[in-house]
Amino acid sequence: MSVINKTVLEANAIPNVAIDFMNNTHVEEIELVKKVGDVIAEYEQRETFTSEEIKVLNDLLHEWLHHTEEHFARENELMQKISFPMYSVHLSEHERVLENMIEVIQSWDRNFDINRLANFIFSAWPEWFNNHVNSMDMVTAQFAVMNGFDPHATVAVD
Ligand SMILES: [Fe+2]
Ligand SMILES: [Fe+2]
């Protein structure tokens, strides 16, 4: 039995920031996390999984982790390029959530506790992401554009 009333976030619920490549990354990330959420919703309430089912979820989780690492690396590069005054605050939010993600994924790898994963995907992560885009990303992009960074640039650093 699947639990379908679970949602992660909708891309249009996330505010646009002033730089295109950041918005594109955010939309991609939400789409990826929704895929992870669909699989978790299907697996929820169960205690055992086939190795094929575990592989499907693990592959998606690692794709998401990789996407997040690249997402944060690009924003960190942008901040350095524009000498963003709150670099260390924004950077440490990235580092903290990456640590959380790695910890939750490792814990799933160890004991296949689907409920812990569900909690993170459907509650902790969406709340974090929404707040982060609304604060750190928003301010970083605004500062960059005010300081001459091209809002339509496709990369942080040429
Ligand atoms: Fe971001
Ligand atoms: Fe960010």
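Helices (H or I, at least four residues) and strands (E, at least two) are DSSP runs, numbered from the N terminus. The model is predicted: local features need pLDDT of at least 70, side-chain atom pairs count only at pLDDT 80 or more, and totals for chains, interfaces and linings use all residues. Residues are numbered from 1 along each chain as its sequence is written, and chains are lettered from A and ligands numbered from 1 in the order in which they are written.

**Exercise 1.** Determine how H1 and H4 are oriented to each other.

*Solution.* Step 1: axes are lines fitted to C-alpha atoms, for helices over the stretch in contact, and angles run from 0 to 180 degrees between N-to-C directions. Step 2: H1 (residues 20-43) and H4 (residues 114-146) pack at about 170°, their axes 10 Å apart. Step 3: angles under 35 degrees count as roughly parallel, over 145 as roughly antiparallel, 65 to 115 as roughly perpendicular and the rest as oblique; H1 and H4 are therefore roughly antiparallel. Step 4: residues in contact (C-beta atoms, placed from the backbone, within 7 Å) include Met22 and His26 of H1 and Trp125 and Asp137 of H4.

**Exercise 2.** Check the span of H4 against its number of residues, and locate its kink.

*Solution.* Step 1: the expected span is 1.5 Å times one less than the number of residues. Step 2: the 33 residues of H4 should span 48 Å, and its end C-alpha atoms are 44 Å apart, which agrees. Step 3: the kink of about 40° is centred on histidine 132, the bend being the angle between axes fitted to the seven residues ending there and the seven starting there. Step 4: just after H4, glycine 148 takes a positive phi of about 95°.

Methods: Two residues are in contact if their C-beta atoms, placed from the backbone, lie within 7 Å.
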